[in-house]
Structures are given as C-alpha cells and as structure tokens.
Amino acid sequence: MMRNPCVAHRGWSGRAPENTMAAFRMALEAPDVKWIELDVQLSKDGVPVVIHDYNLRRTTNGRGEVRDWTAAELASLDAGSWFSPKFKGESIPTLDEVLREAKGRCKLNIELKTDGIRYPDIEAKTLERVYAHQMEEDVVFTSFDFNTLRRMRKLSDNVRIGLILDGWRNTLLQELREMKSDFLSIGYSKLNKARIEQLNKAGIQTMAWTVNEKRAIRKMIELDPNLLICTNYPDRWREVTASMGKSVTGRIKASAFRWFKL
C-alpha cells in the first residue's frame, strides 16, 4: 500500500490554474494521485461551481462575487490566463463536470466555501449532485464552518464530513465525535507526533495542508505513514516519497549485510 497518499490541492495547481479542468485532469492522469481537493460555491441560479475565492478578480477576468453570476455567465469567464497564456479559455467548471471526470478514478475532498450564511442551500445542492453521480462513497465534505457540517450531517448519516482548521484545541476530538466526523483537514504546521497519535486512536483520517516545500513534505511523512499530504505539487510529493523509500530500502539492505557477515 502506498504510504502518505497525495491530495492534489485544487487539482495540480502548481502546474495549471487552480480549480480548473486542466488542473484536475493533470492530477487524474497521474496514477499515484489518489485524492483531489476542490472548492465549491453556488452560482446565482443555485448551481454548484468550483472556485475558491468569493470574489472573481484573482483567478478570472470577471468582477464581483461568484454568487452574483449565473452558472452560464461564470462558464463564459476566462479562469486560466491569470496563470499562463497557454491556459487561456479555461473556464470555471461546475461540480458536475468534475464528478464526471473523477468517477471511478479518484477520491474527492469537496470543501464547501461558505461562512454559514452566504449559501444557505449549499449542503443540499452539493449533496444532490454527488448522489446523482453515485459518488457518495468517494467524497468527503469539508468546511471551516461547524454549522455547515452539522447541516450536512442532518441531510445524510452516511456521507463523510470533516472539519477544516488551522489550529488545535483540546476539545477537537470531542467536537468531531459529536458531529460524527472521521476526517480532519488541518494546517500542517499544527501537527506533531502526539497529536497524530490522538487522531489515529480516535479513528480520524487526517489531511495536512498545504504542504508545498520538500522539507515540509518529508517532515509530514516522517510523522505518520497514513497522513494525507495535500499539496500544489504532487511531483514534489512523489520525489520525496521515492527518496525516503530508497533510504529505507538501503538501511534494510545494510542491516541484512551486517547480519550475514556475523
């Protein structure tokens, strides 16, 4: 079994514009990338669309907020040129588009981008699309907002939900238990051996985000072999994992040689 599965953050966003089909396809074409993380909001007409920022300015040629544009209007925007001219014409995908591409190929971490007020129907509308594609067993819904996760849990006892946070508190495990959550998405700098052990003991699958530097990737891998590594650069994760595997193999061979000489 592969250790420390890779989660491509907003797709392979180190090589293609984040949250576009180009970035998702790049990740899906890599057989060793087992997860993709993406962000979902709602268009003006209630369609789940995939984009991180509430405002369109940073990653598109549009202006204003996502919620003020219809899905068709959002699809007409250029969401690729900001990254590189070769991605001109990449659009903001709908969640349906991503689900169709990912089905049977990759698990998805779907972050619900809301402050709990902005999109009152985001849980139901997103869950509906996941059920429509029969992918409820291949996704985990995550959010920074507790109430969003509680609403999702009320809608379904079966789907996985997980809290996102960039901190740690002693009540965290109890909070996850109360929500019937078995997933945690946490800023990687907040993890250490003791906390990982607590999470493992509680049956919580943990994802460390966003781990982009090779030294940080190595540090996370050394904490626990089951820790999910969320990164913009799956190629860096691959290099570090491979180099650590060679190091372990080398130590085993050296130990066996010493034993044989004895």
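**Contacts, Cores and Rings in a Predicted Model**

Trainee: Which residues does Thr148 touch, not counting residues up to four places away in sequence?

Mentor: Contact means heavy atoms within 4.5 Å. With residues up to four places away in sequence not counted, Thr148 touches Leu112, Thr114, Gly116, Glu123 and Ser143.

Trainee: What kind of model is this, and how are its residues numbered?

Mentor: This is a predicted model, where local features need pLDDT of at least 70, side-chain atom pairs count only at pLDDT 80 or more, and totals for chains, interfaces and linings use all residues. Side-chain values use heavy atoms, with hydrogens and water left out, and residues are numbered from 1 along each chain as its sequence is written.

Trainee: Is Thr148 buried or exposed?

Mentor: Thr148 has its place in helix H5. Helices (H or I, at least four residues) and strands (E, at least two) are DSSP runs, numbered from the N terminus. Buried means under 20% relative accessible area, exposed over 50%, and partly exposed in between, with a 1.4 Å probe and protein chains only. The relative accessibility of Thr148 is 0%, so Thr148 counts as buried.

Trainee: Which element has the lowest mean pLDDT?

Mentor: pLDDT is the predictor's confidence in each residue, from 0 to 100. The protein has a mean of 94, and 93% of its residues reach 70 or more. Residues 248-257 stay under 50, and there the model has zero contacts beyond four places in sequence. Strand E3 has the highest mean pLDDT at 99, while the lowest, 67, belongs to helix H9 (residues 234-261).

Trainee: How many residues of H1 are buried?

Mentor: The buried ones are Met21, Ala22, Ala23, Phe24, Ala27 and Leu28. They pack against E1, E2, E3 and H3. H1 is mostly covered: of its eight residues, the buried ones number six.

Trainee: Where on H3 do the buried residues fall?

Mentor: Helix H3 (residues 95-102) has Leu95, Asp96, Val98, Leu99 and Ala102 buried. The arc is that of the directions from the helix axis to the C-beta atoms. Seen down the axis of H3, the buried residues fall within an arc of 165°, so they line one face of the helix.

Trainee: Which elements do the buried residues of H3 pack against?

Mentor: Two of the partners are helices, H1 (21-28) and H4 (122-132). The others are strand E2 (33-42), strand E3 (48-50) and strand E4 (107-112).

Trainee: Which residues touch the most other members of the largest nonpolar core?

Mentor: A nonpolar core is a set of buried Ala, Val, Leu, Ile, Met, Phe, Trp, Tyr and Cys residues joined through side-chain atoms within 4.5 Å. The largest one has 67 residues. Those touching the most other members are Leu38, Leu108, Ile110, Phe141 and Leu184.

Trainee: What is the angle between the planes of Trp82 and Phe83?

Mentor: These two rings form an edge-to-face pair, 5.6 Å centre to centre. The angle between the planes is 85°.

Trainee: How many residues apart are Phe144 and Trp209?

Mentor: Phe144 and Trp209 form an edge-to-face pair, 6.4 Å centre to centre and 80° between the planes. Phe144 is in the loop between strand E5 (139-143) and helix H5 (146-155), and Trp209 is in strand E8 (residues 205-209). The pair links distant parts of the chain, with a separation in residues of 65.

Trainee: Which ring does the charged end of Arg118 sit over?

Mentor: A charge sits over a ring if NZ of Lys or CZ of Arg is within 6 Å of the ring centre and within 35 degrees of the ring normal. For Arg118, the distance from the ring centre is 3.7 Å, and the ring is that of Tyr54.

Trainee: What is the phi of Gln134 near?

Mentor: Most residues other than glycine have a negative phi. Gln134, in the loop between H4 and E5, is exposed at 59% relative accessibility. Its phi is positive, near 55°.

How values were computed
Phe/Tyr/Trp six-rings, centres within 6.5 Å; stacked < 30°, edge-to-face > 60°.
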